[in-house]
Amino acid sequence: MSDDLVIERRGEGDRQYLEIRGTLDAERVEQLAHEGFEAIAAGSSVEFRLAGVTSIDLTGALGLVALAREASDRDVAFRIEGYPAQLQTLLEEQGLWSVLDGEDDQ
């Protein structure tokens, strides 16, 4: 079966970092949401490190979009690093990649 989702969160001052590994899919997006919303509430900057993500589906990708929009609504800097190419492909197909790459005009 697929890999579990592991999310390690740490804070350095007002910055929050989430190291994400494994499969980010519909079954695991609630875990991402929980950790992500807590990180957004705790800092003025949040960085999602996705280099360890082995698989992502559209629901997982949309979970990241929701977190990016929440961060924007709260004036919290949002950044993703080391994301799998699959993430960009999924969101470009939906016209949502600009939400994560910082070029969202909405």
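Buried here means under 20% relative accessible area, exposed means over 50%, and partly exposed is anything in between, using a 1.4 Å probe and protein chains only. With that in hand, take Gln-16: its relative accessible area is 7%, so Gln-16 is buried. This is a predicted model, in which local features need pLDDT of at least 70 and side-chain atom pairs count only at pLDDT 80 or more, while totals for chains, interfaces and linings use all residues. Residues are numbered from 1 along each chain as its sequence is written, and side-chain values use heavy atoms, with hydrogens and water left out.

Let's stay with Gln-16 for a moment. Gln-16 sits in strand S2, residues 15-24; strands (E, at least two residues) and helices (H or I, at least four) are DSSP runs numbered from the N terminus. Not counting residues up to four places away in sequence, Gln-16 touches Arg-9, Arg-10, Gly-11, Ala-39, Ala-42, Gly-43, Ser-45, Val-46 and Glu-47, where contact means heavy atoms within 4.5 Å.

One of those partners, Gly-43, belongs to the loop between H1 and S3. Gly-43 is buried as well, because its relative accessible area is 13%. Setting aside neighbours within four places in sequence, Gly-43 is in contact with Asp-14, Gln-16 and Val-76. Now look along to Ser-55: Gly-43 and Ser-55 are 12 residues apart in sequence, yet 28 Å apart in space, C-alpha to C-alpha.

Back in strand S2, find Leu-24. Leu-24 has 0% relative accessibility, so it counts as buried. Beyond four places in sequence, its contacts are Leu-5, Val-29, Leu-32, Val-53, Ser-55, Ile-56, Asp-57, Gly-60 and Leu-64. With Gly-60 the sequence separation is 36 residues, but the C-alpha atoms of Leu-24 and Gly-60 are 5.1 Å apart. Arg-28 comes in the loop between S2 and H1, and with a relative accessible area of 11% Arg-28 is buried. Its C-alpha is 9.8 Å from that of Gly-63, which is 35 residues away in sequence.

On to the helices. Two packed helices are described by the angle between their axes and the distance between the axes. Axes are lines fitted to C-alpha atoms, for helices over the stretch in contact, and angles run from 0 to 180 degrees between N-to-C directions. Helix H1 (residues 29-42) and helix H2 (residues 58-73) have axes that come within 10 Å and cross at roughly 15 degrees. That makes H1 roughly parallel to H2, on a scale where angles under 35 degrees count as roughly parallel, over 145 as roughly antiparallel, 65 to 115 as roughly perpendicular and the rest as oblique. On the H1 side, the contact is made by Val-29, Leu-32, Ala-33, Gly-36, Phe-37 and Ile-40, and on the H2 side by Thr-59, Gly-60, Gly-63, Leu-64, Leu-67, Glu-70 and Ala-71. By class, that gives 8 nonpolar, 4 polar and 1 charged residues; Ala, Val, Leu, Ile, Met, Phe, Trp, Tyr, Cys and Pro count as nonpolar, Asp, Glu, Lys and Arg as charged, and the others, Gly among them, as polar.

H2 also meets helix H3 (residues 85-93), and here the axes come within 10 Å and cross at roughly 80 degrees. H2 and H3 are therefore roughly perpendicular to each other. Leu-58, Ala-61, Leu-62, Leu-64 and Val-65 of H2 make this contact with Leu-87, Leu-90 and Leu-91 of H3. The class count for H2 with H3 is 8 nonpolar, no polar and no charged.

Further along H2 is Ala-68, which counts as buried at 7% relative accessibility. Leaving aside its neighbours within four places in sequence, Ala-68 is in contact with Phe-78, Val-99 and Leu-100.

That brings us to the aromatics, of which the structure holds 2 pairs. Phe-48 and Phe-78 form a tilted one, 5.1 Å centre to centre with 40 degrees between the planes. Rings of Phe, Tyr and Trp (its six-membered ring) pair if their centres lie within 6.5 Å; planes under 30 degrees apart count as stacked, over 60 as edge-to-face and the rest as tilted. Phe-48 is in strand S3 (residues 45-56) and Phe-78 in strand S4 (residues 77-81), so the pair links distant parts of the chain, 30 residues apart. Phe-48 is buried at 0% relative accessibility, and Phe-78 is buried at 18%.

Finally, check Asp-75 in the loop between H2 and S4. Asp-75 counts as exposed, at 70% relative accessibility. Its phi is near 55 degrees, a positive value in a residue other than glycine.
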